[in-house]
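Visitor: I have a structure to go through before the group meeting. Could you take me through its interior?

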Amino acid sequence: MASRPEPCAEAEAPAVRPDAELELLAAILAEARAAAERDPLANPIQRTAIELARRLRDGSLERSALERLLRRLTREAFLARARRLRAYLGEIDPEANAARIRALLRALALGPEGKPVPFARFAATVGRVHFGFVVTAHPTFALSERLGALLVAVASDRDLSGEPLDPARRAALLAEVEATPHRPEPELDLALEHRRSMRVLRNLRVAIERVHAIALEVARELWPDRWSELVPRLLSSASWVGYDTDGRADIPWYATIASRLALQRDQLEHYAAIVRALRADLAPGDPLAALLELLEARLALALKSCAEEHEALSAGGEGPLAEAALARVARTMALGLPWRLRDSAELLALLDRCVAVAGDGPHKPRLLALRASVATFGLALARTHLRVNALQLHNAVRKLVGLDHPPDDPTRRLSYLDAIARLIETVEPVEINFGSLVQEKATARRAMMIAARLAKYLDASEPIRFLIAECETPFTLLAALYLAELFGVADRLDITPLFETKKALERGVAILDEVLAVPVWRAHLERRGRICIQTGYSDAGRYLGQTAAAVAIEKLRLGLVELLARHGLAGLEVVIFDTHGESIGRGAHPESLAERFAYLDTPECRRRFAAAGLAVIEETSWQGGDGYLLLQSEASAFAVVARALEHVLTPPDPEPDPFYAENAYVDEFFAAVRLFNERVLEDPAYSTLLASFGTNLLYPSGSRPVRRQFDPGIRPALLDHPSQIRAIPHNAVLQQLGVLANTIGGVGRAIAKDPERFHRLYRESRRFRALVRMVEYAFMFTDFDVTRAIAQRFDPGFWLARARAERDPSASEEFVEVAAHVERMGLFDGLARILRVLERDHLDLAGALREHRRRTRGAGEKPVAVDPATRDNLHMLHALRLALVERIACAAVRVPDFSDRHEVTRDALVEALLRLEVEPALQLLGRIFPVLEARREPLDWGEPSTYGGDREQSYAQEHEFLFRPIAEDYDLVRRIGSAIVHQVGAFG
């Protein structure tokens, strides 16, 4: 939403809305804005909210009209998100994208003179992975899968089967959009997240296999005598859904293995279906039929055991009976080990024989495509990414090395490194069984045991990624290597540090430098033939500011080029896994998918890696529900794959970017951004801002709980520090508050240091422009009118002013009581102070953006403001939500008093409701004021009775007229949160 002060004028006037409720709301908002133009202290959001609250109170805005209004506002926000998604994906027509991929591959195959390059060169380029997709279970499942499917269908103008939508079908889908409450699935658990991840992985598989087919067609055209030698790969897919134990203890070992078995079962069924179709086309007695029958039988045997094991481990459970059942499965697996299909090389060997027998017959292209699929996917739909935390690894080896101090303690650091290196040199691998997993309590050891089990029983050829969150020392990497050697899985494991904290990003290159000096680590990398790192944008953006984090991550990547050259390791393959999401708060550039890839993997990085002769695999995360949206249909997944290939296969722009020549200015600019964000993050008032309503404005968006639990009898505590909530809910709260501080924070101050240089670099540098456009997008959706209106809900003076102006005595009394509770909570002074800090910086930024647009007038620069329709919709949503919050607050102070035997005070419950801790508060109220069930038909006892017993103590009226309306209003509050997410474009 365009915020005051605005850096430039808005676009054309919004279209008139036909709905009566919308027309009324638009008129109220227009009147409030007109008043604000005359009075700089007036707040149009606040004024609109107060008028809506008055209409809700007197009944002139009925609940049915409120529902219709919200549905229509949500529909408009949904359509805006669909339009953005359509533009973001770029070309979405599958045939057009196939033609673009074919042109890319032909460009690789043909030299400057238009003649084919040597086949070996083409085969080597196409036969290695360049780009990897990693699906995750980040908590961005803010939308049900059905609504996600509708979003992609409306955006692409195609249904999920790929058929174009006719006007009638499109209208029917939009009617469903409007009729459906916009929220996640009610039962949002890890099992649901895993099922959703598998569906998008299947879409990715379809897209990748189509790329293989196109590559084979190009090779057949240009090298008709050798095309059957080609085994295209180009792309990979991986998942950590069900394998991520960083910060969560609710995923038992058998669930992790069951998750992996589900992927294996799906992929083997896919191969079996292809083989069956090939066999069905063959005449009796065809020599190929016998080989395919052998291949089908091998797959059938593997599928039988896979299905049985998957079902048994999915049942899982704790206790003696469950463990006995798991032990039976384990014994069966151990006895059948010699006959298990656990290496894709076995399938590839059979397929090579099939290709040889097929000759130049009609089945050859399908056989070659199947071989490429097996070479790419192996035995599972996605490769495995296990994830643990650095602290979990330290705890796993603590006693072995006497780790009584932090591993980076300068007085002990080298001793710890020597100790763990000696352990690696002398370690004797141990034998484990599935019972070892039952007994082991240390998360990191158990994760490494799972890796060993997967390698032994499921796919010995699969490289397993072992991701380490919050890795800040070389000791952490060596601890992981020790466990890998101990459990005999080091030869299959790619140990990958995640650099996301301030310390890790500042010392990332130094950490890698130090660990490369340890011979056992260097030897491990040389055996694996690759070095893997992971970068994180969400936490880094929270701690440093998003743009400063992006610059720090790019420096880490560039430093890696120099580091590998210095250590003589230019022969290693480099895997860079950029863990980022679909919102600017999670590091995704908002302009387009192509720009998103270039923002992470910059042209400068690509030039330097290429100049050093380093082969790079760029991997990106597709985070939870938001990430799955882009892969929701086969057409959208193929569009994403096309953009990825265009990025990695198109040579980077050779022109130097002045950004990299302005080292002093760039370093100081982003140092200013970083320092501002560090100061804000350490300010207790910022924690107050985040926790005021916190995540209560939104539905839970993932299986990992992020809401604070309400402790009966104790007032819900404020955050001590923003790190107590995870990065994605942190960002989501900022979106709901209308202040995207982690992206815009500090940029105004940084510009003010040298405005002339800022304007010049913005004009001349593509990289700097990309960074600033992240800020501009955040600026468009930052509105301090919204933020102040929300903060004033914690201002006792606001409620007293409401009481003074209210003519209804009962309403006035309620406002006075709310004011008393808010006074006792004592939040507003801190909120007002942190908003002043943020708004001063915002004023500097607004002035700089306005000045830049003035200088570039006529150069095609668009205003830094959302369109008026978006601004109107957002303002209406915020005002409507604030009116509902007021109604909940007034209902809260009508909660009857109760005795102290319930271990919670009325004041604590009221204040929980004022902060929208609605669900836990209502649960407590339900116990304090129970509704007694109606008695069954009485028996004939021979005489009458007029005694009512405890029926007279039922609190049905409180539930009917107080508690249930609070719950209904709160659901509307959270549905408005979902609509605001649509308008911003992504969750968190």
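This is a predicted model: local features need pLDDT of at least 70, side-chain atom pairs count only at pLDDT 80 or more; totals for chains, interfaces and linings use all residues.

Visitor: Fine. How many residues has the largest nonpolar core?

Guide: The largest nonpolar core has 335 residues. Those with the most contacts inside it are Phe466, Leu483, Trp521, Leu645, Phe669 and Phe670.

Visitor: And which helix gives the most to this core?

Guide: That is helix α8, residues 190-222, with 15 residues in the core.

Visitor: What does Leu483 touch?

Guide: Leaving out residues up to four places away in sequence, Leu483 is in contact with Leu393, Ala396, Val397, Ala444, Arg445 and Met448.

Visitor: What else is there, apart from that core?

Guide: Another core, of six residues, lies apart from the largest one. Ala142, Ile728, Ala732 and Val981 are among its members.

Visitor: On to rings. How many aromatic pairs are there?

Guide: A search of the whole structure gives 29 aromatic pairs. One of them is the pair of Tyr777 and Phe781, which is tilted, with 5.0 Å centre to centre and 45° between the planes.

Visitor: Are Tyr777 and Phe781 buried or exposed?

Guide: Both Tyr777 and Phe781 are buried. Phe798 and Trp799 form an edge-to-face pair, at 5.2 Å centre to centre and 75° between the planes. Both Phe798 and Trp799 are buried as well.

Visitor: Which rings are linked into a cluster?

Guide: Ring pairs connect Phe659, Tyr660, Tyr665, Phe669, Phe670, Phe758, Tyr762 and Phe768. Of these, Phe669 and Phe670 were also named for their contacts inside the largest core.

Visitor: Where does the charged end of Arg84 sit?

Guide: It sits over the ring of Tyr88, 5.4 Å from the ring centre. Arg453, in turn, lies over the face of Phe434, at 5.1 Å from the centre of that ring.

Visitor: Now the strands. How many residues of β2 are buried?

Guide: Strand β2, residues 234-239, is mostly covered, with six of its six residues buried.

Visitor: Which strand is joined to β2 by six bridges?

Guide: Strand β1, residues 129-136, which runs parallel to β2. Within this pairing, Phe131 has Leu235 of β2 as its bridge partner.

Visitor: And how many bridges are there between β2 and β3?

Guide: Two bridges pair β2 with strand β3, residues 383-389, again in the parallel sense. Ser239 stands opposite Thr384 in β3.

Conventions: Residues are numbered from 1 along each chain as its sequence is written. Side-chain values use heavy atoms; hydrogens and water are left out. A nonpolar core is a set of buried Ala, Val, Leu, Ile, Met, Phe, Trp, Tyr and Cys residues joined through side-chain atoms within 4.5 Å. Buried means under 20% relative accessible area, exposed over 50%, partly exposed in between (1.4 Å probe, protein chains only). Helices (H or I, at least four residues) and strands (E, at least two) are DSSP runs, numbered from the N terminus. Contact means heavy atoms within 4.5 Å. Rings of Phe, Tyr and Trp (its six-membered ring) pair if their centres lie within 6.5 Å; planes under 30 degrees apart count as stacked, over 60 as edge-to-face and the rest as tilted. A charge sits over a ring if NZ of Lys or CZ of Arg is within 6 Å of the ring centre and within 35 degrees of the ring normal. Two strands pair if DSSP finds at least two bridges between them.
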